[in-house]
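Colleague: I am new to reading structures. Could you walk me through one, feature by feature?

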Number of protein chains: 2
Amino acid sequence: VTLNIHFADRLLSAIRRTNAPVCVGLDPVLDRLPKDLLADCGVQLSANGTVDPQTKPAAVAEALLAFGNAVIERVADHVPALKINIAFFEPHYAEGIRVYFELVRRAQRAGLLVIGDVKRSDIGHSCEQYAAAHLGQEVNLVMHDVAVPDAITVNPLLGLDGVQPFADVAREKGKGVFLLVQTSNPSASEIQGLKLAEGITLSERLAQIVHRWATQDRLVGSCGYSSIGAVVAPTDPVITARLRTLMPQCLFLVPGFGAQGRSAEEVALCFKPDGTGAIVNASRNVIFAFADPRRQRHGNDWRTCIEEGCKEFVTAIRAVRSS
Amino acid sequence: VTLNIHFADRLLSAIRRTNAPVCVGLDPVLDRLPKDLLADCGVQLSANGTVDPQTKPAAVAEALLAFGNAVIERVADHVPALKINIAFFEPHYAEGIRVYFELVRRAQRAGLLVIGDVKRSDIGHSCEQYAAAHLGQEVNLVMHDVAVPDAITVNPLLGLDGVQPFADVAREKGKGVFLLVQTSNPSASEIQGLKLAEGITLSERLAQIVHRWATQDRLVGSCGYSSIGAVVAPTDPVITARLRTLMPQCLFLVPGFGAQGRSAEEVALCFKPDGTGAIVNASRNVIFAFADPRRQRHGNDWRTCIEEGCKEFVTAIRAVRSS
């Protein structure tokens with residue numbers, strides 16, 4: 001049981017073991033799941049790709065669970081971590097939440113660290129409730145027989161009050177938090193890129209603030225990295241290099257590789273010269289690899305396509321890191 | 001069925017009908033629920049206030065549902081809206097989510113508009129998933145037999161990409177969105193109060209951006225207000241007055257009255273001279289009114305205390321508005 005070992009120490013150790021500073025993102029949308037899996041679970045799609053409203057919620061849940069399990073099974077030997085985005089489970093309400101937390105458990109049993117991509121934000125008592133729900137309060141875990149992620153993503157707009165409850169649970173339970181500093185979307189700069197009076201951008205100032213929060217008492221592990229990391233999409237080489245310097249003790253969770261278009265060279269700036277400091281995520285290029293025409297030779301064997309997509313992703317990031 | 005009538009038109013009409021520009025916040029924590037209700041539902045608390053881990057999840061769900069129903073029953077005649085914070089339901093996992101959406105349905109059946117305080121943030125496909133889950137995608141609502149809120153709160157840090165999917169559903173379905181602009185917590189100014197190069201604070205710049213988003217094609221209703229409103233805590237009179245001017249077509253959802261310490265005078269600045277433009281929230285002062293020593297004369301009749309707390313809150317805000 002590694003529950004109370006420092007999160008960054010656990011993640012760095014898992015990255016060394018697999019030689020793969022990556023995580024696979026599980027963002028399942030029903031109309032992109034393999035047709036045979038949907039049919040096996042009794043999920044009918046209409047012509048426009050939406051699910052038939054007569055479908056039983058249990059059938060949808062079964063499809064999401066079966067797909068998630070297949071991804072876990074095929075990537076667990078190659079990568080240290082799985083990032084599961086809860087947004088793709090919330091449209092399925094209570095059933096969706098049940099499947100999300102069941103997949104957290106299955107991934108951990110398969111030896112993966114799990115990052116819950118929940119991007120939560122709130123203050124005071126409400127923030128404590130989110131911390132309890134997503135990073136774990138013992139009594140609730142026992143009562144509900146549930147497993148929670150090893151780390152989650154959090155939105156820092158509300159300031160320290162919106163981060164401290166997560167940091168406190170992280171410190172106590174060996175969990176991690178990745179704070180949004182620079183996101184990968186086209187309009188990210190609309191707010192994150194605002195120029196401050198002091199001459200830097202909001203994302204640079206966020207980085208300074210995150211560094212201060214991350215280096216609080218007992219948050220830094222023996223590996224030198226903090227339980228508090230940052231989500232950093234390498235949208236601009238100059239900014240990325242600045243952010244890497246401003247947060248020397250933060251692990252970067254790096255979105256945007258592959259489907260979102262960030263190149264290997266841009267991603268390389270998120271690593272330190274010693275090859276540590278970043279974990280790069282790819283979602284669609286791996287979990288929907290079977291939709292890639294290059295993989296037609298595998299026919300309907302979508303599981304093999306996912307494993308192949310995962311191995312190609314790992315190879316690409318290894319090359320980035322050593323470049 | 002009012003489903004596709006513009007959200008701001010619906011809310012203003014409900015405020016006129018009740019003569020009460022307020023909403024009650026339902027933020028239930030187990031250890032503050034009435035002892036007799038907990039006992040009736042079979043929920044045991046330990047000495048330090050945490051729930052006994054042997055308690056059945058169904059018992060906890062029953063207690064949350066029974067308390068929420070009692071609040072709805074006692075406030076529905078006095079106020080136009082209920083704000084339910086999903087953070088207080090997520091620690092109860094699938095059961096908690098089931099209760100949250102069941103309370104949305106019950107409140108709407110009782111004639112209340114419901115604001116889902118979910119403070120979600122994400123981009124692209126993920127954001128669309130949150131919009132579908134929390135503001136409603138027809139096929140999922142039918143399949144899961146679920147009712148969704150009339151409006152939700154959203155965190156704007158990610159820029160327009162993180163807002164547009166919510167705005168699109170709002171426009172199409174008569175729903176509303178309240179974007180966080182100025183929050184009520186002690187450290188809110190740490191980021192929201194940052195001074196920009198142009199000489200204003202981040203929250204003022206957010207207000208300008210929110211105004212631009214809110215006045216997009218077909219988002220403004222016949223009442224002159226947009227489906228996109230703003231969360232504005234009156235933490236500083238000068239800033240509050242500026243925000244009111246910067247977002248003339250946005251309804252303000254105003255937290256912080258009562259337990260969080262904002263005074264009537266500060267709250268008054270969120271209204272326009274004509275008495276419209278704001279809906280003020282109170283949570284703990286209403287739903288935990290039975291814990292107030294002033295109400296000891298009601299003995300164990302916690303329901304009457306809640307109704308009394310609600311009526312006092314409405315009276316206080318009526319005085320604020322006409323001052």
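Colleague: Which strands does helix H10 of chain B lie across?

Modeller: This is a predicted model, so keep that in mind. Helix H10 of chain B covers residues 237-246.

Colleague: How do strands pair, and what do E7 and E8 of chain B do?

Modeller: Strands of a sheet pair through backbone hydrogen bonds, either parallel or antiparallel. In chain B, E7 (residues 252-254) and E8 (residues 278-282) pair in the parallel sense, over three bridges. There, B:Val254 stands opposite B:Val280.

Colleague: What do the strands of chain B form together?

Modeller: A closed barrel of eight strands, in the order E1-E2-E3-E4-E5-E6-E7-E8, with parallel pairing. From one strand to the next, the twist averages 30°.

Colleague: Where do nonpolar side chains go?

Modeller: In soluble globular proteins, they tend to be buried together. Here the largest nonpolar core has 224 residues. Among those touching the most other members are A:Phe252 and B:Phe252. Another core, of 20 residues, lies apart from it and includes B:Phe178 and B:Leu180.

Colleague: What is A:Phe252 in contact with, beyond four places in sequence?

Modeller: Its partners include A:Val232, A:Leu243, A:Met247 and A:Ile279.

Colleague: How are chains A and B related?

Modeller: A rotation of 180°, with 0.0 Å of shift along its axis, superposes chain A on chain B (RMSD 0.0 Å). The copies are therefore related as by a two-fold rotation axis. Also, 100% of chain A's interface residues are interface residues in chain B, so the copies meet through the same surface.

Notes:
Residues are numbered from 1 along each chain as its sequence is written. Chains are lettered from A and ligands numbered from 1 in the order in which they are written. This is a predicted model: local features need pLDDT of at least 70, side-chain atom pairs count only at pLDDT 80 or more; totals for chains, interfaces and linings use all residues. Side-chain values use heavy atoms; hydrogens and water are left out. Two strands pair if DSSP finds at least two bridges between them. Helices (H or I, at least four residues) and strands (E, at least two) are DSSP runs, numbered from the N terminus. Axes are lines fitted to C-alpha atoms, for helices over the stretch in contact, and angles run from 0 to 180 degrees between N-to-C directions. Contact means heavy atoms within 4.5 Å. Copies are superposed by least squares on the C-alpha atoms of residues with pLDDT of at least 70 in both. A nonpolar core is a set of buried Ala, Val, Leu, Ile, Met, Phe, Trp, Tyr and Cys residues joined through side-chain atoms within 4.5 Å. Buried means under 20% relative accessible area, exposed over 50%, partly exposed in between (1.4 Å probe, protein chains only).
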